[in-house]
Amino acid sequence: EKMTDRFHVAHPLYPIVSILAALLTIIGALALARSVWGSIFVGCAFILLCLFGYASTCIKALPVIVIYLAVFSVIFYLASGGNTVFTWQMANRLAGVGVAVLPGLSMPPVQLTRCLTSLGCPRLVTLGMLITTGFVPVLSGEIHQVRSAMRTRGVTSILNPTAFYRAFLIPLLVRLVNISDTLALSVETRGFISDTGEYTAYHPIRIKPRDVCFAALFLAIFILGLAAPAFGMSMSIEEVLA
């Protein structure tokens, strides 16, 4: 099992909706970072994901997000000389990035590939994305195996240039070359070609009413957050802390 598989959900949102939600979460967090609305917006986005089937992923990722926010908030607090307003603003931005990662983290790469294929995206682009997203966990696993082999042979540190080159870098490169050959044969065996002819997806990904409902609610939260200052509800962090 890949490390990222534990975050996948049974029924992910439509991939394009997930990508747009992630982008808008970052944009909203940056635009509203100077007010309390930034915290409210990120919190509402987190709750909305929980309500639409991402509760397990959100719960698993919550401790990581909390630790990540706590560590960087302390760093920004100390770096700014104890400026609470600045620290809160940076926390809003960091929280937006943390929540924006969740939809993509929960989406199997093959779902995005099938979606782009259904939308007529060039074959080389979809195939390249699938291989790239699938290769990162493989690379992590190969590094772990090489490090385990090093420890078995009594090499406990890679800080030594000779040990790094002979016991870590060379074996890792050899394994990666073998994997690339296997991937090339696998792609060719399965009939993947780069021409522009017609092709179909065996499991087409279609947008569902659930996706439309999520998109509508998310856009409502996003627009309300941006429009709140225009109606006199600025709720700036300076005013709240004053």
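**Entry 1. Order of elements**

I read the elements of the protein chain from the N terminus on and recorded α-α-α-α-α-α-α-α. I counted eight helices and zero strands in the chain; both are DSSP runs numbered from the N terminus, with helices being H or I of at least four residues and strands E of at least two. I note that this is a predicted model, in which local features need pLDDT of at least 70, side-chain atom pairs count only at pLDDT 80 or more, and totals for chains, interfaces and linings use all residues. Residues are numbered from 1 along each chain as its sequence is written, and side-chain values use heavy atoms, with hydrogens and water left out.

**Entry 2. The chain as a whole**

I found that 33% of the 242 residues are buried, where buried means under 20% relative accessible area, exposed over 50%, and partly exposed in between (1.4 Å probe, protein chains only). The chain exposes about 14500 Å², and carbon and sulfur atoms supply 70% of that area; accessible areas come from the Shrake-Rupley method with a 1.4 Å probe, and for residues only the protein chains shown count as cover. I then looked up contacts (heavy atoms within 4.5 Å). Among those between residues at least 6 apart in sequence, 79% join residues at least 24 apart.

**Entry 3. Helix α1**

Helix α1 covers residues 15-31, and I noted a reach of 24 Å from first to last C-alpha for its 17 residues, close to the 24 Å expected at 1.5 Å a residue. The expected span is 1.5 Å times one less than the number of residues. I listed P15, V17, S18, A21, A22, T25, G28 and A29 as buried in α1. They cover an arc of only 160 degrees around the axis, which puts them on the same side of α1; the arc is that of the directions from the helix axis to the C-beta atoms. Their cover includes α2 (36-79), α3 (84-105), α4 (109-118) and α7 (209-227).

**Entry 4. Helix α7**

For α7 I compared the 27 Å between its end C-alpha atoms with the 27 Å that its 19 residues should span, and the two agree. Its buried residues are D211, F214, F218, F222 and G225. They fall within an arc of 65 degrees seen down the axis, so they line one face of α7. Their cover includes α1 and α2. On the face turned away from the buried side I found the exposed residues P209, I223 and L224.

**Entry 5. Residue L173**

I located L173 in helix α6 (residues 161-189). L173 counts as partly exposed because its relative accessibility is 43%.
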